[in-house]
Amino acid sequence: MVYEYKEVGNNQEEWLNSIPPDDLPLIKQADEDYEQKRSTSHRSEYRSKHLDVHYLWILDRGRIVTHTGAGKPERFIGTYTDLSEQKKLEDEYRRISVVARANENGVIFTNAAGKITWSNEGFLKISGYSLADVLGEQALGICKRFSSKKTVFDNIQKAFAEGKS
């Protein structure tokens with residue numbers, strides 16, 4: 001939660017002031033969609049200023065529960081979820097991906113089971129495989145096939161077993 005209820009209460013103006021100007025159109029669009037009866041629910045991701053002035057990423061989900069006699073939205077329910085850590089990890093992943101793509105050395109990403117989920121061009125060039133050949137394959141199996149030196153493969157296998165990169 002960005003604020004405790006007692007700190008802000010039910011003041012929409014204070015809440016809107018916590019949203020950076022770049023993110024306000026998302027919120028205004030959801031409000032307009034409700035007013036124009038184009039939507040009965042929403043899901044938005046935006047930033048909101050925390051009390052100590054840093055921003056949190058928020059997943060805001062909600063829906064209309066009741067309407068007035070005139071058909072206008074009257075009561076909403078919803079949740080806020082802090083996505084800050086997830087956004088930080090996504091940004092870190094993007095940065096790593098940029099470096100890995102530009103790297104001439106062979107780079108592969110695997111899942112927890114050791115199956116290849118991504119490869120850079122350097123790895124494909126070194127190994128002689130296509131991306132279709134390696135995706136979903138066990139990394140150690142692929143490495144073993146193109147490694148002509150047993151010590152190289154043994155070092156790779158040991159690093160995987162110990163969880164090292």
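Helices (H or I, at least four residues) and strands (E, at least two) are DSSP runs, numbered from the N terminus. The model is predicted: local features need pLDDT of at least 70, side-chain atom pairs count only at pLDDT 80 or more, and totals for chains, interfaces and linings use all residues. Residues are numbered from 1 along each chain as its sequence is written, and side-chain values use heavy atoms, with hydrogens and water left out.

Between β3 (73–82) and α4 (84–102) runs a loop that holds L83. L83 has a relative accessible area of 7% and is therefore buried (buried is under 20%, exposed over 50%, partly exposed in between; 1.4 Å probe, protein chains only). Not counting residues up to four places away in sequence, L83 touches E45, W57, I58 and L59, where contact means heavy atoms within 4.5 Å.

W57 also lies under a charge: the charged end of K87 sits over its ring. That term requires NZ of Lys or CZ of Arg within 6 Å of the ring centre and within 35 degrees of the ring normal.

Four aromatic pairs occur in the structure. Rings of Phe, Tyr and Trp (its six-membered ring) pair if their centres lie within 6.5 Å; planes under 30 degrees apart count as stacked, over 60 as edge-to-face and the rest as tilted. W15 and Y46 are edge-to-face, because their planes stand at 75 degrees. The pair links distant parts of the chain, with W15 in helix α2 (residues 12–17) and Y46 in strand β1 (residues 41–49). Both residues, W15 and Y46, are buried. Y93, F109 and W118 form one aromatic cluster.

| Residues | Distance |
|---|---|
| L83 and Y46 | 9.3 Å, C-alpha to C-alpha |
| W15 and Y46 | 6.3 Å, ring centres |
| K87 and W57 | 4.6 Å, charged end to ring centre |
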